[in-house]
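Have the sequence and the model open while you read.

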Amino acid sequence: VVLVVDFGAQYAQLIARRVREARVYSEIVPSTMPVAEMLARNPRAIILSGGPSSVYAEGAPSLDRSLFEAGVPVFGMCYGFQLMATTLGGTVDDNGAREYGRTPLHVTKAGSTLFEGTPTEQPVWMSHGDACSAAPEGFTVTASTDVVPVAAFENDEKKLYGVQYHPEVLHSTHGQQVLEHFLYRGAGIEPNWTTTNVVEEQVALIREQVGDKRAICGLSGGVDSAVAAALVQKAVGSQLTCVYVDHGLMRKGETEQVEKDFVAATGAKLKVVDAEKRFLDALAGVSDPEEKRKIIGREFIRVFEQAQLEILQEEGPEVAFLVQGTLYPDVVESGGGTGTANIKSHHNVGGLPDDIEFQLVEPLRQLFKDEVRMVGQELGLPEEIVQRQPFPGPGLGIRIVGEVTKDRLDLLREADAIAREELTAAGLDRDIWQCPVVLLADVRSVGVQGDGRTYGHPIVLRPVSSEDAMTADWSRLPYDTLAKISTRITNEVADVNRVVLDVTSKPPGTIEWE
Ligand code: XMP
C-alpha cells in the first residue's frame, strides 16, 4: 500500500485516485496518525498531501522526523513539501513569494528521478504563501519558478522527494508522469494493481467473512448496490438474496432493468417487492418536498424490513449479513479511513426479532466511483447499469412539484424517457452528470396545438455537469438536441405544452428541484 497522509486539504482524495490510476493501491490516513502506526502498515511509499496552513501557523500539523528516517520513500507535495523541508533543516519563509494557479516551472536538473523525460519548462498548479529558499542538506534542487528558488528537490539516496506544486491536478500537465516517476523509479513499485485484483481479493474476503451464512442486499437500481451485490453473488452465490423495492417512483424501464439485466448478468436471487400502491397512498395529498422525502424514506425502510423478515422466515435465522455499497469517499469523509468494517447494525425496528443482528458486508469500501464502475464491468454487468447516472432514492417523487399521483408519474415517466433517449442518441450521456426532468404539476400555461387552445403543464429539463454533485453547472447542450427533446415531449406527452431549460448553477440552485 501507498499511504497518502492527509493534511486537511481537499487534495488527498485526488492524490489517492491518481496513485491508483498509476495502478498502485493507495489509502488515505489522517496526519494525526502516529508515525509508528503508519510504518506498522508496511507502506511501500508515503505521500504527504497539501494542506491549508502555513508550516509556521500555530497548531499547524507537523510530522515526526522518524518518518523520514525509516527508509520508506516519501514524496511531499505543497504543504507536505514544506514540512519535509523544515523538518529536515531546510528553510521555508514568508518572503512574499506567493503563487496561486498556473505557474511556469523551470526544471533545473534534467534527468532527475522525478523530472526525467519531462520538458524543462512546464506549467504547474501552485497554491502557497510561504516558499522554500534553501533545501535541507543532502538534497538537490531540481526545479524553480520565477519567484521560488526551490520549487522541487530530491535526495535519491534517502528516497525523499518533494515539489512545491500540486502534481495531482490536471493543470500540472506532467504531474501524473512525475507522480509515476516517484512510484516506479523513486520507490521501485511495480504497477500491478488492477480491478481484476480487486475482484479476486474481495471475493476471497467475502467468502471468509460470510462463510456458510446467508446475506441480504438491497438493490436501488444504482451502480453501487448493483456492483456490491454482484461481488457478493460471485463470492457466495445462492447464499445471497437481493431485495428490490419498487416504490412506483422509478423511471420507465428501471424495474425491468433490475429484474432482467441484473439477474441475467449475475444469476442472483431477486425478490421484487411491488409497493407502488403503498407509497402512492402514503403520498396522497402531500406537496411539501421535505414531507414527501420523509414519507418515502419511512415507507422504504418499512417495506425493506418486511421483506427481510419474509426472507428470514423462508430461509431460516442464519441470515446474518447485510450487503451495502458504501464507497471510499464516504468512509474517508466519516473519518473512518482504515481497516475493514465490522459494524453491527441493529435491525430490530419494524417487526424483526430483537436478537437478530446483521453484520455489514461492504466490498466497495476501498473504491472510488470510477473504480466501482470498472469492477462492475469486470463482473460483466451491462453498460446500462454500470454507466448509470445518479438517480435520487426518492425517485420521481421529488421531480413532481406538487402532489404525486399515478397519472402525473406516468406523464413524467414518458417525458423523462424521451429526454433520456435523445440525450443517448446524441452521444451526450458521458458529457453530463445527470439530467433531471421535472414536472411542474401545480403550474399551467396557455398554448396552442392543432387549432385549439391548450392549458397544460411545463416540463423542466435540468442537465448539469459536475464532478461530485456538491457543485454543478448547467450543461450547454446543443440547441438541436434541446429542440428535438422539446418537440417530442410536447407532441408525444399529453397535457404538456411547454418545455423549459433550467440555466441555474449549484449553488444557488440544487440539482434536484425538491
Ligand atoms: P441536490 O439536489 O442536493 O442533489 O443538488 C445532489 C445529488 O444527490 C442526488 N440526490 C439524492 N440521492 N437520495 C439519493 O440517493 C436522495 O434523497 C437524494 N436527493 C438528491 C441528486 O440526484 C444529485 O445527484
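For angles, under 35 degrees counts as roughly parallel, over 145 as roughly antiparallel, 65 to 115 as roughly perpendicular and the rest as oblique. Axes are lines fitted to C-alpha atoms, for helices over the stretch in contact, and angles run from 0 to 180 degrees between N-to-C directions.

Who touches whom? Arg-278, Phe-279, Ala-282 and Leu-283 of α8 meet Lys-292, Ile-295, Ile-296, Glu-299 and Val-303 of α9, where contact takes C-beta atoms, placed from the backbone, within 7 Å. By class that contact has 6 nonpolar, no polar and 3 charged residues. Ala, Val, Leu, Ile, Met, Phe, Trp, Tyr, Cys and Pro count as nonpolar, Asp, Glu, Lys and Arg as charged, and the others, Gly among them, as polar.

## About the model

This is a predicted model, in which local features need pLDDT of at least 70 and side-chain atom pairs count only at pLDDT 80 or more, while totals for chains, interfaces and linings use all residues. Residues are numbered from 1 along each chain as its sequence is written. Helices (H or I, at least four residues) and strands (E, at least two) are DSSP runs, numbered from the N terminus.

Next, look at α13 (residues 406–425) and α14 (residues 479–492), whose axes come within 9 Å and cross at roughly 150 degrees. These two are therefore roughly antiparallel to each other, and their crossing is right-handed. On the α13 side you'll find Glu-414, Ala-415, Ile-418, Ala-419, Glu-422 and Leu-423, meeting Thr-481, Lys-484, Ile-485, Arg-488, Ile-489 and Glu-492 of α14. By class, this contact has 6 nonpolar, 1 polar and 5 charged residues.

Then there's α6 (residues 223–236) with α11 (residues 369–378), packed at about 45 degrees with axes 10 Å apart. That angle makes α6 oblique to α11. The crossing is left-handed. Val-223, Asp-224, Ala-226, Val-227 and Ala-230 of α6 meet Val-372, Arg-373, Val-375 and Gly-376 of α11, a contact with 6 nonpolar, 1 polar and 2 charged residues.

## The listed active site

Which residues does UniProt list for "active site"? The unreviewed entry gives Cys-78, His-166 and Glu-168; positions follow the numbering used here, feature names are shortened, and annotations may be inferred rather than shown by experiment. They span 91 residues in sequence, yet no two of their C-alpha atoms are more than 10.8 Å apart, so they gather at one spot.

Cys-78 sits in the loop between β4 (74–77) and α3 (79–87). Its phi is near 55 degrees, a positive value in a residue other than glycine.

Around the ligand are Pro-390, Pro-392, Gly-393, Pro-394, Gln-434, Ala-469, Lys-506, Thr-510, Ile-511 and Glu-512 (a residue is near a molecule or strand if its C-beta atom, placed from the backbone, lies within 6 Å of it). By class, this shell has 5 nonpolar, 3 polar and 2 charged residues.

Pro-507 is found in the segment after β24 (496–501), and Pro-508 lies in the segment after β24.

Technical notes. A crossing is left-handed if the near helix is turned anticlockwise from the far one by less than a right angle, and right-handed if clockwise. Two residues are in contact if their C-beta atoms, placed from the backbone, lie within 7 Å.
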